[in-house]
Amino acid sequence: MTSLPEGRAAAGAFDPAAEARPEPAPTTGPASAPAAGPGGGTAGARTATGSASAAAFDPAAEAARATAAILDSTLHGTARGVVVDSPPGAGKSTLVVRAARELAAAGESLMIVAQTNAQVDDLADRLATADPGLPIGRLHGADSPPDPVLDRHEAVAKSSSVAELRDRAVVLATAAKWAYVKDVEPWRHAIVDEAYQMRSDALLQVAGLFERALFVGDPGQLDPFSVVGAEQWAGLSYDPSASAVVTLLAHNPGLPQHRLPVSWRLPASAAPLVSRAFYPYTPFRSGTGPGERRLAFGVAGDGGGPDRVLDEAAESGWGLLELPARHTPRTDPEAVRAVAVVVRRLLDRGGLTYAGADAQPAPLTADRIAVGTAHRDQAAAVRAALAGLGVASGAAGGVAVDTANRLQGREFDVTVVLHPLSGRPDATAFHLETGRLCVLASRHRHACIVVCRAGVADLLDEHPSSEPVQLGVTVKFPDGWEANHAVLAHLAEHRVSWRP
């Protein structure tokens, strides 16, 4: 299972299951991860704002040091792979673009692997914009043409045949497309973007195409998706449903591992909670200080529940609009309408966002607002409710309404979240998944409002985590039960009870 597919055993090809060379695994960022504190958190993540350590923290300098160490390992290291863990909004795409440019400048042949066509097109556009003269190849499927936005870049060649792009300094494609490339001379380097969203079987299919690789991803996001059950492989070192990075490190524990220590997306009000709840062993900080990001309204509130929770979110960065406890259908009509009303009031009250102490305000427009749900039918119900209130969604310029899976990697000024456990009679593994809540709670730059029925904390206590423990399976920590409790405890401080 760990051998390369036939025809891939080219000399120098990367083997993710090969024994690693004995090499130290440095961790970049503001010192190594501190010891876990009570409840699974970390002392570093709980440092009070305004303390001496906080005063000494320079986010730009810390990020620069981490990036320099990553690039040094990538360009000058001897390990066959380098792993970079990144919190939400830490600049993964910026790192990928910079690493690609430096490798190309050094004369190294480079392929870039991403997980979706949208991710590939975005990276190609960013790379071509940053370096207009760099010869870039966009490899695509015959029935999946690239985004027309790439037509504005003269240096970007597009083809469904890799042979037509071998003269390009950098070639980009999805993992699925790269899997069809066979019998070619391996590229010297590869960059795998969103590596935690890639299954290990997908990595194995492309491993023969490169000699060394930089793996960049967010370990707190949703696990790779699989349409079939994977219980029969649980605990095996070659579990094809496991994340590519998890399998890679299981076979190569000595690979250098780095982390980006700063989130430039999450404000100072959000980073401590997200770090503590979802990244207890790899804490990070916000790149902005208290008060640098602000949300204000040009129209006073009417005193109703939706306006009161908006005022709370504007002041603290978080808001919980709590509806009466009740078991409901998945597309709870009251909760769905509450979400729609919150969005409507965000627009009616003339929201203004400030990105710095002296920055000019920017209007909060519909395209800078997102609604996150756990299920597609919930998203469809919210779109219908928004349409009933005269709010456009989905189309260009409208409110983004989608599931956590489809909101991964995206960024908005304000998010409104329908809590995955709201109104449920049970707490299933799907609704408790850590990555789902992490995505929903980390898409915003200014504020996040959660709509939820009361009683979720009691529901969690009545349905403790009961997933079977399997030998050899890496335990994901914190689990969804603990992460949900941490988030709910924080949201309780910003609760507005409302009976529609």
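Start with the cysteines: a search of the whole structure finds zero disulfides. Keep in mind that this is a predicted model. Select Cys 438, which is buried because its relative accessibility is 0%. Then select Cys 452, also buried, at 3%.

**The whole protein**

Zoom out. The protein has 16 helices and 19 strands. Of its 500 residues, 52% are buried. Now look at contacts between residues with a separation of 6 or more: 77% of them join residues 24 or more positions apart.

**Strand 12**

Select residues 318-323, which form strand 12. How many of its six residues are buried? Six of the six are, so the strand is largely enclosed by the rest of the structure. In a regular strand, side chains alternate between the two faces of the sheet. Colour the two sides of strand 12 separately. One side carries Trp 318, Leu 320 and Glu 322. The other carries Gly 319, Leu 321 and Leu 323. Both faces are covered.

Strand 18 (residues 444-453) runs parallel to strand 12, with six bridges between them. Find Gly 319 and look across to Ile 449 in strand 18. Strand 19 (residues 495-497) is also parallel to strand 12, joined by three bridges. There, Glu 322 has Ser 497 as its bridge partner.

**Strand 17**

Stay with strand 18 and move to strand 17. These two pair in the parallel sense over six bridges. Pick Leu 418; its bridge partner in strand 18 is Val 451. Now select all of strand 17, residues 412-418. Seven of its seven residues are buried, so this strand too is largely enclosed by the rest of the structure.

Select strands 11, 13 and 14. They form an open sheet in the order 11-13-14, with antiparallel pairing. Strand 11 (294-297) and strand 14 (362-363) are the edges; each has a single partner strand, so one side of each has no neighbour in the sheet. Strand 13 covers residues 351-354 and meets strand 14 over two bridges. Show Leu 352 and Pro 363, which stand opposite one another.

**A buried aspartate**

Go to Asp 85, in strand 1 (residues 81-85). Which side chain of opposite charge is nearest to Asp 85? It is Arg 259, 7.8 Å away. A salt bridge needs nitrogen and carboxyl oxygen within 4 Å. Asp 85 is buried and has no salt bridge. Its side chain does make a polar contact of 2.5 Å with the side chain of Tyr 196. Beyond its close sequence neighbours, Asp 85 also contacts other residues, including Gly 217, Pro 219, His 258 and Leu 260.

**Two positive phi angles**

Select Asp 183, in the loop between helix 5 (175-178) and strand 6 (187-193). Its phi is positive, about 55°, although Asp 183 is not a glycine. Asp 183 is exposed, because its relative accessibility is 67%. Step along to Glu 194, in the loop between strand 6 and helix 6 (200-206). Here phi is about 50°, again in a residue that is not a glycine. Is Glu 194 buried or exposed? It is buried, with a relative accessible area of 11%.

**Salt bridges**

The structure holds 28 salt bridges.

- Arg 101 and Asp 131: their closest N and O atoms are 3.5 Å apart. Arg 101 is in helix 3 (residues 92-105) and Asp 131 in the loop between helix 4 (117-130) and strand 3 (136-139), so the pair ties together parts 30 residues apart in sequence. Arg 101 is partly exposed at 35%, and Asp 131 is partly exposed at 21%.
- Asp 332 and Arg 453: this salt bridge is 2.6 Å, N to O. Asp 332 lies in the loop between strand 12 and helix 10 (333-348), and Arg 453 in strand 18, 121 residues apart. Both are buried.
- Arg 436 and Glu 433: this salt bridge is 3.1 Å, N to O. Arg 436 is buried at 3%, while Glu 433 is partly exposed at 21%.

Finish with a network. Select Asp 307, Asp 311, Arg 344, Arg 345, Asp 348 and Arg 349, which salt bridges link together.

Definitions and conventions: Residues are numbered from 1 along each chain as its sequence is written. This is a predicted model: local features need pLDDT of at least 70, side-chain atom pairs count only at pLDDT 80 or more; totals for chains, interfaces and linings use all residues. Side-chain values use heavy atoms; hydrogens and water are left out. A disulfide is a pair of cysteine sulfur atoms within 2.5 Å. Buried means under 20% relative accessible area, exposed over 50%, partly exposed in between (1.4 Å probe, protein chains only). Two strands pair if DSSP finds at least two bridges between them. Helices (H or I, at least four residues) and strands (E, at least two) are DSSP runs, numbered from the N terminus. Lys and Arg count as positive and Asp and Glu as negative; His and the chain ends are not counted. A polar contact is a pair of N or O atoms within 3.5 Å; within protein, one must be able to donate a hydrogen and the other to accept it, and residues adjacent in sequence count only if both atoms are side-chain atoms. Contact means heavy atoms within 4.5 Å. Lists of a residue's contacts leave out its neighbours within four places in sequence.
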